[in-house]
Amino acid sequence: MKLNELEAVVFGGKPLVVGDADRQKVEMCYQFLADFAKDKVIYGINTGFGPMAQYRVSDENLLQLQYNIIRSHSTGAGRPLPSECVKAAMVSRLCTFLNGKSGIHFDTVNLLCEFINRDIIPVIPEHGSVGASGDLVQLAHLALALIGEGDVFYHGERRLAADVMRENGLQPLKMYLREGLAITNGTAVMTGIGLVNLLRAKQLYRSALNASVLVNEIVSSYDDFMAEELNRLKNHEGQNVVAAEMRRLSAGSKCLFKRAEKLYNRHDEATFDHKVQPYYSLRCVPQILGPIYEVLQFTEKILVEEMNAADDNPIVDLETRTVYHGGNFHGDYVSFEMDKLKIAITKLTMLMERQMNYLFHDRINGILPPFVNLGVLGLNYGLQASQFTATSTTAECQTLSMPNYVHSIPNNNDNQDIVSMGTNSALICRRVIDNAFQVMAIHHMALVQAVDCLKIADKLAPATRKIYDEVRAIVPVFIDDTPKYKEIEQLIAYLKK
């Protein structure tokens, strides 16, 4: 499955259909494991779990063993994960099962697919995973809903899974060989959160491009900072992609200056009223957003690989006719990418906050009133207080950008002696992304106020004029002081479309 296909399922409601070839793989793997396991010791089928693997489980208790891992590990705490993250996690788990490497019965695949397609969202607490033997605790809550013993969100209400399943004509999942372990033992939750984070981060990146072009139009920057000839000399792909996109977005603008026309003729002035070079937050956008673009590209590669991977343990391999015990459930790949992504989005947020500060600081920009205040200075305050929100939120992003990938704490009787903390990394990254949307919303209010202050809407490039019109449809031009918290919420929703 590709990222756009996941997006269509999670945010577009596109139904999932399991093809005959995938069904056959799952059924053949299950049948092979059923035969193979009859006279062998296989972890999690006839042994205990984790440090308890040294204990053999008797044949009459094998099915109870699978229920026990679900019930014993349903120990999460904290707020429920957002529905879009849980749905993405379910899709990720389904993709793992469709590899035909898990030894599960097809009933598991079928019920999981029904939950996804009917928007039955298991209640999964945010805390519980150390991201090493997968997301054991959170995925146990997913499994608990599948066996009809947990809670779900359905049509916006939190309800008993058993009641919702009964209404939908669905039977609770029963255990076969290793359903309990297979559902709980993988990286699906951190991957699901990570994929939603990535989709949101891409939206922020596009908004940052739009804002960066618009702010340069507002101050009539010289446009050579985005020139192809200049940027290609730096060699980096991301920088050149950003510069090219800025040239596209600014095409048709009547606001940007040409250096050759303004400065490359003889001048006798001792000082220049217009800045010869913009500040770094305006001029260095390709160099700042370039590496962020490349992080987004690599994060997508890693997360899509993880979503489509066989990430549980043990792995049942039909080709070699054996069962492999290893650590494919370990979440280091996801954890590392979430740390890199949150650092990238924090830097993007810092860039937006600095551009905003440039617009608000009349002694720096020299063309706008303080805080783009269109009212009476001293009586009215424009967006002065909105900057407090943007600055404090940016500061929180900076604090949250401390790497989590290196925060391993041994646990599980030291069986899990080095762990990824991947789900924590993904959750912290999500907080950074949510913060970034708040700052971005305030910055967009500042941008359109600046445009109206200078009366340059008709001189904007078509692409940025479209952004101006869409933001103004949400936040009309304002002179008097009014509360802005509702407009910030509305702009966040607009930026996430």
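These are my notebook entries on what I looked up in this structure.

**Ground rules**

I am working with a predicted model, where local features need pLDDT of at least 70 and side-chain atom pairs count only at pLDDT 80 or more, while totals for chains, interfaces and linings use all residues. Residues are numbered from 1 along each chain as its sequence is written, and side-chain values use heavy atoms, with hydrogens and water left out.

**Entry 1: the overall picture**

I began with the helices and strands, which are DSSP runs numbered from the N terminus (helices: H or I, at least four residues; strands: E, at least two). The protein has 20 helices and seven strands. Its C-alpha trace spans about 95 × 50 × 45 Å along the principal axes.

Next I looked up burial, where buried means under 20% relative accessible area, exposed means over 50%, and partly exposed is in between (1.4 Å probe, protein chains only). Of the 497 residues, 54% are buried.

I also checked contacts (heavy atoms within 4.5 Å). Among the contacts with a separation of 6 or more, 78% are between residues 24 or more positions apart.

**Entry 2: the nonpolar cores**

A nonpolar core is a set of buried Ala, Val, Leu, Ile, Met, Phe, Trp, Tyr and Cys residues joined through side-chain atoms within 4.5 Å. Which residues touch the most other members of the largest core? They are Leu-6, Phe-115, Ile-218, Leu-289, Ile-345 and Leu-348, in a core of 137 residues. Helix α9 gives the most to this core, with 18 residues.

Leaving aside its neighbours within four places in sequence, Leu-348 is in contact with Leu-204, Tyr-205, Ala-208, Leu-289, Ile-292 and Met-440. Another core lies apart from the largest one and has 14 residues, including Cys-29, Ala-37, Ile-42 and Ile-45.

**Entry 3: cysteines**

I searched for disulfides (pairs of cysteine sulfur atoms within 2.5 Å), and the count is zero. For Cys-29, the nearest cysteine sulfur belongs to Cys-95 and is 16 Å away. Cys-29 is buried, at 1% relative accessibility. Cys-284 also counts as buried, at 19% relative accessibility.

**Entry 4: aromatic rings**

For rings of Phe, Tyr and Trp (its six-membered ring), a pair needs centres within 6.5 Å; planes under 30 degrees apart are stacked, over 60 edge-to-face, and the rest tilted. How many pairs does the whole structure hold? The search finds eight aromatic pairs.

One of them joins Phe-32 and Phe-36: their ring centres are 5.2 Å apart and their planes stand at 35 degrees, so I call the pair tilted. Both residues lie in helix α2 (residues 20–36), four residues apart, about one turn of the helix.

Tyr-222 is in the loop between α9 (188–218) and α10 (228–231), and Phe-257 is in the loop between α11 (237–250) and α12 (259–262), so the pair ties together parts that are 35 residues apart in sequence.

I then looked for charges over rings (NZ of Lys or CZ of Arg within 6 Å of the ring centre and within 35 degrees of the ring normal). Arg-259 lies over the face of Tyr-222, 4.4 Å from the ring centre. Lys-496 lies over the face of Phe-437, at 5.1 Å.

**Entry 5: a three-stranded sheet**

Strands of a sheet pair through backbone hydrogen bonds, either parallel or antiparallel. Here two strands count as paired if DSSP finds at least two bridges between them. I found an open sheet of three strands in the order β2-β4-β5, with antiparallel pairing. The edge strands β2 (121–122) and β5 (157–160) each have a single partner strand, so one side of each is left without a neighbour in the sheet.

Four bridges join β4 (residues 151–154) to β5, and Tyr-154 has Glu-157 as its bridge partner. The hairpin of β4 and β5 has two residues between the strands, and His-155 takes a positive phi near 55 degrees there.

The peptide bond from Asn-313 to Pro-314 is cis, with omega near 0 degrees. Pro-314 sits in the loop between α14 (285–307) and β6 (315–317).

Val-372 is not a glycine, yet it has a positive phi of about 40 degrees. Val-372 is in the loop between α16 (362–365) and α17 (384–400), and is buried at 0% relative accessibility.
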